[in-house]
Amino acid sequence: LILGAFFLPAPFVMLSPGTPQNILGEAIKISGTQIYPTSGKLSVTSVMVTDPDSYITGFDILYGWIDRSRAILPREEVYPDGETSADAAREGAAEMNSSQINATAAALSYLGIQSPSKLVIVDVNKVSKGYKVILPGDQILSIDDKSFLKTTELINYLGDKKPNDAVRVKFLRAGVEIIKDIELSARDDGSAYIGVNIQQQFDFPFDVKIKLEETGGPSGGLIFALGVIEKLTAEDLVKNRNIAGTGTITPSGQVGAIGGIEEKMIGASRIGATVFIAPRENCPDIKNIPAGLKVIPVSTLAEAIAALRAPDSFKPRSCPNS
């Protein structure tokens, strides 16, 4: 029975270090404005995660516990109940696209380049009451006659509502203004939601394209933003160093936490990185730092740039537990 238990599927997923990708090569392509040469490497780190449909056995779990470069987590901590591999891939691609848009907006904003924006529906939850009422591609103009410039403002407004409350949504579809009253649906925790995935889209003054192979999710935002700034300015921030990092980013340049921080540091160490830029929110998750890797925790894009500008002798304010 004990031996057989090792072959039974278990509700866990395995995390392992991915291979960082240098974005200063062909990953970021900018056209319509002047760009400058770069030096060194600036790499986005990643984590390899078993997909929701993977067959994880007791032997896999034991191996993951023995190998210190891997982590074993309950499935529900990574994937929502019922999510399939196709769902995870689709969500990861959407998050990556949003991350790239946010990174470009943050970089241009830091450089003082203004970009008009709008809130656009990119997906509608099939079990919500807004399904087939609002469609992907619709532009949100107002909710209850209130206009919003950022997705966070809209989310905060809906946070005060209750399930079954009705909101009046004005949106633009194919150039036509439409107004609909939509009842809010209920999440498992009892909070209300409208059931749409809203993306802040920008009208950038020139074209910025970011493309990475086999990578999804929002965690590359900070490094993407640094890469865009590095290409748009004559200043050499990387200074021929091997730098890696991770972190989500908002259009205003706020850096957020990510998952798998220690696995990402291991991946950075394996490619010879000497500097690792990490979200300060992840400080409690950092217990072990690979030898030879300087970890710089930051909360904003501006902090990250200041750290890169500093001399090699600069000692950044480290995480309290590192």
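Good morning. A residue counts as buried under 20% relative accessible area, as exposed over 50%, and as partly exposed in between. With a relative accessible area of 27%, Arg173 is therefore partly exposed. Please keep in mind that the model before you is predicted.

My subject today is the salt bridges, of which this structure holds 6.

The side chain of Arg173 forms a salt bridge with that of Asp138, at 2.8 Å from N to O. Arg173 belongs to strand S9, residues 166-173, while Asp138 sits in the loop between S7 and S8, so this pair ties together parts that are 35 residues apart in sequence. What is the relative accessibility of Asp138? The value is 2%, and Asp138 counts as buried, whereas Arg173 is partly exposed.

I turn now to Lys129 and Glu183, whose side chains meet in a salt bridge of 3.0 Å, N to O. Lys129 lies in the loop between strand S7 (117-124) and strand S8 (139-143), and Glu183 lies in strand S10 (residues 176-183); the pair therefore links parts that are 54 residues apart in sequence. Lys129 is partly exposed at 39% relative accessibility, and Glu183 is partly exposed with a relative accessible area of 39%.

The next pair is Lys161 and Asp144, joined by a salt bridge at 3.6 Å, N to O. Lys161 is placed in the loop between helix H4 (151-158) and S9, and Asp144 in the loop between S8 and H4, so parts that are 17 residues apart in sequence are tied together. Lys161, at 24%, is partly exposed; Asp144, at 23%, is also partly exposed.

Thank you for your attention.

Definitions and conventions. Residues numbered from 1 in each chain as written. Predicted model: local features only at pLDDT ≥ 70, side-chain atom pairs only at ≥ 80, totals over all residues. Heavy atoms only, no water. Salt bridge = Lys/Arg side-chain N within 4 Å of Asp/Glu carboxyl O. Helix = DSSP H or I, 4+ residues; strand = E, 2+ residues; numbered from the N terminus. Buried < 20%, exposed > 50% of the residue type's maximum accessible area, 1.4 Å probe, protein only.
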